[in-house]
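I am keeping notes as I look through this structure, writing down each thing I looked up in turn.

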Protein chains: 2
Amino acid sequence: MKKVENDLLLRVLNGEPAERTPIWLMRQAGRYLPEYQVVRARHDFLTMCREPELSSEVTIQPVDIVGVDAAIIFSDILVLPEAMGLNLVVEEGRGGPRFTNPVRKKSDLSSVHDADCENDLKYVGDAIRLTVSRLNGRVPLIGFCGSPWTLLAYMVEGKGGEFAHARAMLYDDPSTAHELLQMLTSSAISYLKMQHEAGADVVQIFDSWAGVLSPSLYEEFSLRYIKQIVDSLRGEVPVIVYAKAANHSLKSIRDLGASAVGVDWTIGIDEAAGKIDSVLQGNLDPAVLFAGDEAIRSAAGRVLSLAPKGRHIFNLGHGVLAGTPVESVKVLVDFVKQWNAFEQKR
Amino acid sequence: MKKVENDLLLRVLNGEPAERTPIWLMRQAGRYLPEYQVVRARHDFLTMCREPELSSEVTIQPVDIVGVDAAIIFSDILVLPEAMGLNLVVEEGRGGPRFTNPVRKKSDLSSVHDADCENDLKYVGDAIRLTVSRLNGRVPLIGFCGSPWTLLAYMVEGKGGEFAHARAMLYDDPSTAHELLQMLTSSAISYLKMQHEAGADVVQIFDSWAGVLSPSLYEEFSLRYIKQIVDSLRGEVPVIVYAKAANHSLKSIRDLGASAVGVDWTIGIDEAAGKIDSVLQGNLDPAVLFAGDEAIRSAAGRVLSLAPKGRHIFNLGHGVLAGTPVESVKVLVDFVKQWNAFEQKR
């Protein structure tokens with residue numbers, strides 16, 4: 001087992017003492033960084049996902065530039081459905097990725113198969129191996145995948161938006177939805193295990209579209225499958241579950257038994273801590289980074305004050321927004337790192 | 001006072017007995033209707049808002065075509081900020097309306113003034129008068145405006161999206177936000193009173209962007225101002241408050257004392273009824289209308305079964321989605337209208 005120099009994240013996830021709250025940011029490798037834009041200007045998005053050299057380069061950028069306590073491998077949740085048979089395209093200036101062969105009815109399932117992660121997603125494993133080697137133990141590396149529901153939403157709709165057809169499938173044809181969700185679940189388990197074997201110290205499941213479902217549909221079509229994934233990985237690798245806009249279901253999310261639960265910014269982290277006894281990750285409003293430095297420190301200090309001591313990983317409540325000033329991200333990271341010393345002086 | 005033939009909506013809002021649950025749908029006048037598209041093909045969106053003849057025509061279409069129990073005047077929440085000095089443009093195929101002179105800092109407030117509703121929004125009053133005359137008492141007419149927060153979000157950002165600058169203003173420069181919100185509140189009160197005087201039987205306040213705020217910011221920057229509006233209209237005209245994705249604040253929303261509260265689809269209407277003692281409006285998932293007829297009836301029946309008897313107005317949890325089949329909307333409306341008779345037979 002490799003040794004990680006800055007292992008704050010791992011210690012907090014394992015319930016061990018840590019001298020301060022670790023911080024990393026969802027979408028920390030991204031277009032708010034000029035250094036990312038330099039790479040992006042020369043390569044299209046999917047090439048950056050598929051070329052370990054490029055993926056690794058932008059994965060490490062925020063560790064060097066803003067000083068976060070963990071790296072998260074640069075990739076996209078939609079590469080898994082692509083490996084399951086869907087045709088993924090990202091056209092410049094055409095509003096996000098899409099699938100040209102969406103799954104709208106049971107017969108469309110014939111084009112979907114379990115992912116052969118060792119082969120078809122080998123490039124992700126290679127990117128992780130290269131990144132681990134280049135990080136050389138400085139900070140832990142996080143792998144990730146989308147939740148089965150979030151991936152189904154994209155696979156059925158074919159693109160981002162309101163996911164009306166995906167939601168309609170749950171009412172209209174639940175058996176097709178369950179069949180696809182079960183395939184996604186077993187592929188996600190293989191995919192996350194492969195990432196861990198390649199060197200990811202932690203994995204995160206992104207349920208980015210949790211919030212478009214009612215609580216009862218959310219239990220049936222999302223949490224049930226996330227639970228299978230968490231159960232399959234327990235004891236192997238720490239798992240963080242991040243469900244956006246699903247605070248109505250925090251008690252059920254607690255029952256998943258994940259190592260940590262990501263919390264968006266539409267709930268006080270103290271209220272979330274009252275419902276969830278595991279480690280919490282979050283929950284600063286990403287828009288705060290568009291405010292001035294004092295407002296950033298004040299809002300971050302509020303999260304740190306309200307968060308449960310010893311079981312908190314600092315993060316935003318969602319990804320870094322496009323257009324976020326890099327200097328503001330640095331102000332935030334520096335503030336969080338100095339918080340414990342600052343607190344003791346007060 | 002004019003007499004309304006089908007006054008189910010008004011009776012439910014007044015707490016009087018009604019023989020069945022009334023139904024209308026947010027965005028019922030819109031692009032899912034071929035008859036709307038015929039009008040829209042000949043006129044741009046803002047012209048349709050500004051010409052009482054056109055606005056009235058599309059307002060009445062869903063009463064004739066799908067048989068809803070109320071009309072809602074065709075307009076846009078952004079015509080109020082336009083009347084307050086912002087320059088509103090809607091360019092075809094350029095992704096929604098925008099303001100060319102957004103309010104980003106205190107000095108930008110110099111371009112904002114109270115709306116002179118009697119003059120600058122006279123066209124809305126004219127559209128309401130014409131619609132009331134054409135409806136000839138068949139169903140009640142609903143007027144509306146955006147909540148101060150939702151309008152500020154658009155005024156600060158200049159366009160739709162994540163509203164990062166608007167959210168940042170609340171952390172960075174709350175005094176400018178409060179100043180603008182107070183202006184919006186007094187203009188919204190004048191605007192809704194003008195709509196009522198022109199003939200609107202009911203008014204609805206749309207807090208469409210409630211969900212991007214944390215509960216504490218939501219109390220301070222949205223509910224506080226909605227309360228002023230509700231208080232100013234109490235006893236004059238029934239007020240429905242619809243806040244999307246703000247179920248974390250249902251108890252505070254109850255304390256507004258509105259005649260009815262709109263409920264989105266991310267909470268069971270029975271759970272909402274346990275927190276709110278007024279009339280509830282909602283809460284069918286709009287995506288259900290992309291499912292088959294039996295799934296539509298089943299999902300609508302579930303809402304009707306769980307809703308509080310005698311204090312429920314059937315609606316979707318959000319607006320009718322683009323691409324919704326008209327036939328499905330008819331299936332829904334017919335089902336809800338027949339529900340009480342159907343229930344008695346069971």
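I began with the term for helices, which are DSSP runs of H or I with at least four residues, while strands are runs of E with at least two, both numbered from the N terminus. This is a predicted model, in which local features need pLDDT of at least 70 and side-chain atom pairs count only at pLDDT 80 or more, whereas totals for chains, interfaces and linings use all residues. Residues are numbered from 1 along each chain as its sequence is written, and chains are lettered from A and ligands numbered from 1 in the order in which they are written.

I looked up A:Ile23 and found it in the loop between helix H1 (8-13) and helix H2 (34-42) of chain A. Is A:Ile23 buried or exposed? A:Ile23 counts as buried because it has 29 C-beta neighbours inside 10 Å, the rule being 20 or more other C-beta atoms within 10 Å for buried, 12 or fewer for exposed, and partly exposed in between, with C-beta atoms placed from the backbone. Leaving out residues up to four places away in sequence, I noted that A:Ile23 touches several residues, among them A:Val68, A:Phe314 and A:Val336, where contact means C-beta atoms, placed from the backbone, within 7 Å.

I then turned to the two chains, and found 26 residues of chain B in contact with 26 residues of chain A. On the side of chain B that touches chain A, helix H9 (164-172) and helix H14 (293-306) of chain B each supply at least two residues, and the largest share, 6 residues, comes from H9(B).
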